[in-house]
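Subject: Structure for you to look through

Hello,

Please find the structure below.

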Amino acid sequence: MPDPLRRPEDSLPALELVLEYARGYLADFDGLVRMPTADEAAHAFAADFPEEGKGTLAAIQQLIELGADAHIRSSGPRFFHWVIGGCTPGALAADWFASLIDQNAGAWSSSPLAVQLEAISLAWLQELFGLPAAWAGVLTTGATTAGFTALAAARQWWGEQHGVDVAAQGLAGVSPLPVLSSGYLHVSSLKALAMLGIGREQVTYCQADETRRLDPAALERELKRLGGAPAIVIATAGEVNAGHFDPVAEMSAIAHEHGAWLHVDGAFGLFARVSPRTAALADGVEHADSVSADGHKWLNVPHDCGFAFVCDPALLTAVFSAIAEYTPDDEVFAFRSPEFSRRARSLAVWTTLAAYGRDGYRAIVERCLDIAEHVAREVERADDMELLAPAPLNIVCFRYRPPDVPEDALDELNLEIGRAALTDGRVYVGTTRWAGTVGFRPAFVNWRTTIADADLLLETVRDLGRRLAQHLLPPVVAG
């Protein structure tokens, strides 16, 4: 019977197996992002629950052997499909340490280390982003949960404007909560609205054109129509298709003039504040009422990590406090977070910020900006590619557009290239639609990515495009 208590000495050999694999893995990120046998390797894991286990070392060995092919190298420099960063060396080592000591970061009584480092990390992040020091913050599982946390505080504020403690009494009998946004609103915000009982369909979109950018006049008109009733306005700092920004400062002024709450979804765009080159894109974030962002994007810490910041700490406590006979009444982070038991994400966040500081993160951000500018220039120079939108930050929205392929076939061609790229393995990039046109939207946030990696992206799109375009070309008629 492979009871782990009978072989506690297997712990170190198991870790050594992972360490040995890590030596080769970290030394070579030039291989394929996705192995051709990834699907087969994933399906090779047995589905039947064993009556008697195979033991620690055998299970870890199988995990490594099959997992080596089954996983996607999303932490490497050539993964551009979603906005996903890698792991800085400091963050990776700290995360291993966090797993080793296995802390519950919900309370000081369960981990003074995790709670203290979370408080320090959040203060450092507020300083890095230029957010008011008096705000309250909390680490979460990611930008979705961070947005949920911030919008829960906004919902609580909204209820108080109506004389209702929503956290205690619920939403029954209260009028619908109006939400206003541009067309840049991310699906994670809609998900948060659904989970909060506000509803996805409560959003009024104030967009100016087919690119979905904000129409400020429409926003002001909708708020006036409410006649002073409280509402939530959501601004997006870095939309996902081309990296564009809502005019946060203008939205803040309009929202506050009409007594509305402004939440800023800054999942990756909040990092524009790190560089003087792009800080103006997110002007006004400091005047919002809440802000959310991701850690496993441009901060380059392991999944999962996000952070929410709210202007009034009492709102978070009102929503998320959970008092029982066995809980102290001063456990700050357990009472600001949707989670009670919480992974010690602060160890990786603190370590990476302590290791590289403001200058190191400015270097990471600006290197990604340089790469995005390089790709945009190369696309504009090429006779077989087209830039679909300006690239103000780190996402370049473009399409493959060879001159001999008919316009009405380009969407399907680019979709086919996107599907092929996800199995080709050289790089990882997917498609989107900008103003109704299919294109690619590579995002550059990984600390390892270089211009050479970005050049391989363009080379791969071009190579796949040439092959796939053959069946779209008109037939050659013999003379």
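In these notes, Ala, Val, Leu, Ile, Met, Phe, Trp, Tyr, Cys and Pro count as nonpolar, Asp, Glu, Lys and Arg count as charged, and the other residues, Gly among them, count as polar. Please keep in mind that this is a predicted model.

**Cavities**

A search of the whole structure finds three cavities of 30 Å³ or more. I describe two of them here.

The second largest cavity holds about 40 Å³ of space. Its lining is made up of Ala143, Thr144, Gly147, Phe148, Leu151, Ser188, Ser189, Ala192, Asp265 and Ser292. Two elements, α6 and α8 (187-195), each give two or more residues to this lining. The largest share comes from α6, with five residues. Sorted by class, the lining of the second largest cavity has four nonpolar, five polar and one charged residues.

The largest cavity has about 60 Å³ of space. Around it are Asp95, Val301, Pro302, His303, Asp304, Cys305, Arg343, Arg345 and Ala348. By class, this lining divides into four nonpolar, one polar and four charged residues.

The peptide bond that joins His303 and Asp304 is cis, with omega about 0°. Asp304 sits in the loop between β6 (290-294) and β7 (306-310).

The largest pocket has a volume of about 1,200 Å³. It is lined by 40 residues, and those closest to its centre are Val18, Ala22, Tyr25, Leu92 and Trp96. Helices α1 (11-27), α3 (56-70) and α4 (89-101) each supply at least two residues of this lining. Which of the elements gives the most to the lining of the largest pocket? It is α1, with nine residues. The lining of the largest pocket has 24 nonpolar, 10 polar and six charged residues.

The second largest pocket contains about 360 Å³ of space. Of the 18 residues that line this pocket, Trp82, Val83, His186, Val240 and Lys297 lie nearest its centre. By class, its lining has seven nonpolar, seven polar and four charged residues.

**Aromatic rings**

A pair of aromatic rings is described by the distance of the centres and the angle of the planes. The count for this model comes to 13 aromatic pairs. One of them is formed by Trp124 and Trp350: the ring centres are 6.3 Å apart and the planes are at 25°, and planes under 30 degrees apart count as stacked, so this pair is stacked. The pair links distant parts of the chain, since Trp124 is in helix α5 (residues 112-129) and Trp350 is in helix α12 (residues 346-381), 226 residues apart.

Elsewhere, Phe129, Phe271, Trp298, Phe307 and Phe309 form one aromatic cluster.

**A buried glutamine**

Gln156 is found in helix α6 (residues 143-161). Buried means under 20% relative accessible area, and Gln156 has 2%, so it counts as buried. What does the side chain of Gln156 reach? It reaches the backbone nitrogen of Ala167, at 3.0 Å. Leaving aside neighbours within four places in sequence, Gln156 is in contact with Asp165, Val166, Ala167, Leu315, Ala318 and Val319.

**Positive phi angles**

Two residues can be looked at together here. Asp102 is not a glycine, yet its phi is positive, at about 50°. Asp102 lies in the loop between α4 and α5. With a relative accessible area of 61%, Asp102 is exposed.

Arg212, a residue other than glycine, has a positive phi near 75°. Arg212 is in the loop between β3 (203-205) and α9 (216-225). Its relative accessible area is 34%, so Arg212 is partly exposed.

Those are my notes for this model.

Regards

Conventions
Residues numbered from 1 in each chain as written. Predicted model: local features only at pLDDT ≥ 70, side-chain atom pairs only at ≥ 80, totals over all residues. Heavy atoms only, no water. Phe/Tyr/Trp six-rings, centres within 6.5 Å; stacked < 30°, edge-to-face > 60°. Helix = DSSP H or I, 4+ residues; strand = E, 2+ residues; numbered from the N terminus. 1 Å grid on protein atoms, 1.4 Å probe; cavity = no way out; pocket = protein on both sides within 12 Å on 5 of 7 lines; lining within 4 Å. Points joined across faces, edges and corners; volume = space filled by probe spheres on them. Buried < 20%, exposed > 50% of the residue type's maximum accessible area, 1.4 Å probe, protein only. Polar contact = N/O pair within 3.5 Å; in protein donor to acceptor, adjacent residues only side chain to side chain. Contact = heavy atoms within 4.5 Å.
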